[in-house]
Amino acid sequence: MSNVHNPLLLAEVVLVVANYVNPKEAATPSRVCRTWYTVFRPLVWQTCDISDDRLRPGGKPLGQRRPRPKDMVKNAHNIRELICNGSSFSNFEITCSRLKTLRSHNVIYASRPQWWSQLTQLLVQNDQLETVDFDGTREASTLKFWEALVSRPALKYVRMNSVNMSAEHFAIFWNGCRGLRRMELYDINVPCTSEFIEEQLETLPGLEAITISHLAATALLRLCPGLRLFRWQNYDMGGNGQLQMLAFLLERQHFPHLESLQVTRVEDLELATCLGAMDRVKELVIEGSPLGLQSFDALERNFAKLQRISLEYVFPIPSKRILVLLESCPLLKYIRAPKLKASAIVLGKPWVCQDLEEFRVSILVGVSGKTTIRRGSQAVFERLSKLTRLTHLDIGFHYMQDDNSDSDDSDDSDGDILACQGLDLTLESGFSQLSTLKNLEELDFSYTVQDMSAEDVKWIRDNLKKLQVVKGICNRHGEYRDQPQN
Amino acid sequence: MPVTLTSLDDVKFTVDKEVAERSILIKNMIEDVGESDSPIPLPNVSSAVLKKVIEYCEHHRNDPVQVQDETDDPRKRSNDIEEWDMKFMTVDQEMLFEIILAANYLDIKPLLDVGCKTVANIIKGKTPEEIRKVFNIVNDFTPEEEAQIKKENEWAEDR
């Protein structure tokens, strides 16, 4: 073969290769040669984070580098998503004009006198913005800011947190967001009454999802007939009159598209009423309150349609109730729940959730002796092995609480819950049954006590090829693995 | 309805029209020429490579034709390669290059995608020098340029 032309020197071919490279990994290929630099450079700068390390929890890791200001100016036209915070404005000259996503955060309740004018400037510069996600400051927001925000023609998703605004500003925002699909309002301080809402605010038929905390939820909801998802995030101790009103509203106004409900700290009756008023429930997320009998009954009518259920800090909840979900919901894709007893699983029916992708439930196998634990684990692995679409398996003991919820089980030989063991992830306990989980990307067994041998670990490496994240301690000698693997 | 393709080295391959038309280039040529028995010349593709390309098109003859999706979300793009394709692409680097070149010239998008996915999987985790070595790419930067680019993109490494 003489003089083979190298296709990887053709920009059009390298472009196709770049399609399959994660933008986070584009920096290295960009250094290969001139053609590769031209192709990969926009990918490198696609998402640019210029926030500093002192970001709110969940921000980027400490020590992560920021670009050099002059390089940022040079590549401003490549940036589609900008992540910044208050200090970024003084450290960088932000000339971006093609942003699709802007995330701009603050330390909560910080004082930043320039914040609103700086944000406004950034908004005005970028008319392709689709997502704007920002925190407020102690200073009140300005009229110019809200006008700039709602005049973004492509705006689809707004998330705001800790913002002080006047009722007039809120009206400008609400009425100006004709094309908005999703809205998240956290900790918004607006002095307005239900009457104001009823008289001044318009209907937003295009709004599909809304998250509210601390605001007159019911009055706003009346204006969103096209709602698909409603999320109520309230951690106040003062009880939940809001959800009572939501239940009241749902019984009187029909929301034909509503199928996802996410709530915190609710009463059983209120939740049951809401669920009963929905045409279908595809997704239910509860945090910090029990899933009572009435709510569970209301949910039962939706077992055939349920796709996602998350029960976080939901105590007490008997194993049987969680098990019923696995045994009855054929479309289930995602389940998060506090705990499940292996003994209940063994006595239960086969699971119908064949398409389950994420399983996040602590599994308790009991205290008495190795044999019980082995047998229990074996049976659970058998059930898990049928879930061939599983990508995330999390059986760690993240939220352990002794709540006596399983004391109604006839088989209570497992004793004190707090002393229970988790699944035994060894080949001797039948772990190899999970070889069917070809798509598994994450395995989490944090806070469970394991006694894995080198052979067990090797088995994982050899058989679960797509595994990228493993969390947990493998054995008493402290072999700890928490790593993205290739 | 059979179609005859002639390679660079004058070897004739007869295939079904449906198989040949997985190549948009060939499809267009057939439309332009109309009803004809004369073979279609492919002077840019050697017989060894054409044989491989035909093998691919035969196996995938019933695949739905990919529609250009403008709302294509890069995050949803999979780097998965199905088993048959993976075996098919287990070739030496020279042949890999030839297949990609042929897929590009003949405009067979799925084959080009598979070839490029294979390249993307190979470059994962490698340094620039390692990538150059594997693919015989010459470093055409000056030392100053190279240092400059390294600094420019340093923030983006290991995100």
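Colleague: What makes up residues 3-62 of chain B, and how do you know that there is helix and strand in the span?

Modeller: The span is 45% helix and 18% strand, and its end C-alpha atoms lie 17 Å apart. The words come from DSSP runs numbered from the N terminus: H or I for a helix, at least four residues, and E for a strand, at least two. UniProt, in an unreviewed entry, puts the feature "domain: SKP1 component POZ" at residues 3-62 of chain B. Such annotations may be inferred rather than shown by experiment, feature names are shortened, and the positions follow the numbering used here.

This is a predicted model, so local features need pLDDT of at least 70 and side-chain atom pairs count only at pLDDT 80 or more, while totals for chains, interfaces and linings use all residues. Residues are numbered from 1 along each chain as its sequence is written, chains are lettered from A and ligands numbered from 1 in the order written, and side-chain values use heavy atoms, leaving out hydrogens and water.

Colleague: How many residues of chain A are in contact with chain B?

Modeller: 45 residues of chain A, against 43 of chain B, where contact means heavy atoms within 4.5 Å. The side of chain A that touches chain B has 23 nonpolar, 9 polar and 13 charged residues. Here Ala, Val, Leu, Ile, Met, Phe, Trp, Tyr, Cys and Pro count as nonpolar, Asp, Glu, Lys and Arg as charged, and the others, Gly among them, as polar.

Colleague: Why is the pairing of R34(A) and E145(B) called a salt bridge?

Modeller: The rule asks for a side-chain nitrogen of Lys or Arg within 4 Å of a carboxyl oxygen of Asp or Glu. The side chains of R34(A) and E145(B) meet at 2.7 Å, N to O, so the pair qualifies.

Colleague: Why is D394(A) called buried?

Modeller: Buried means under 20% relative accessible area, exposed over 50%, partly exposed in between (1.4 Å probe, protein chains only). D394(A) has 6%, so it is buried. D394(A) lies in strand β14, residues 392-394 of chain A.
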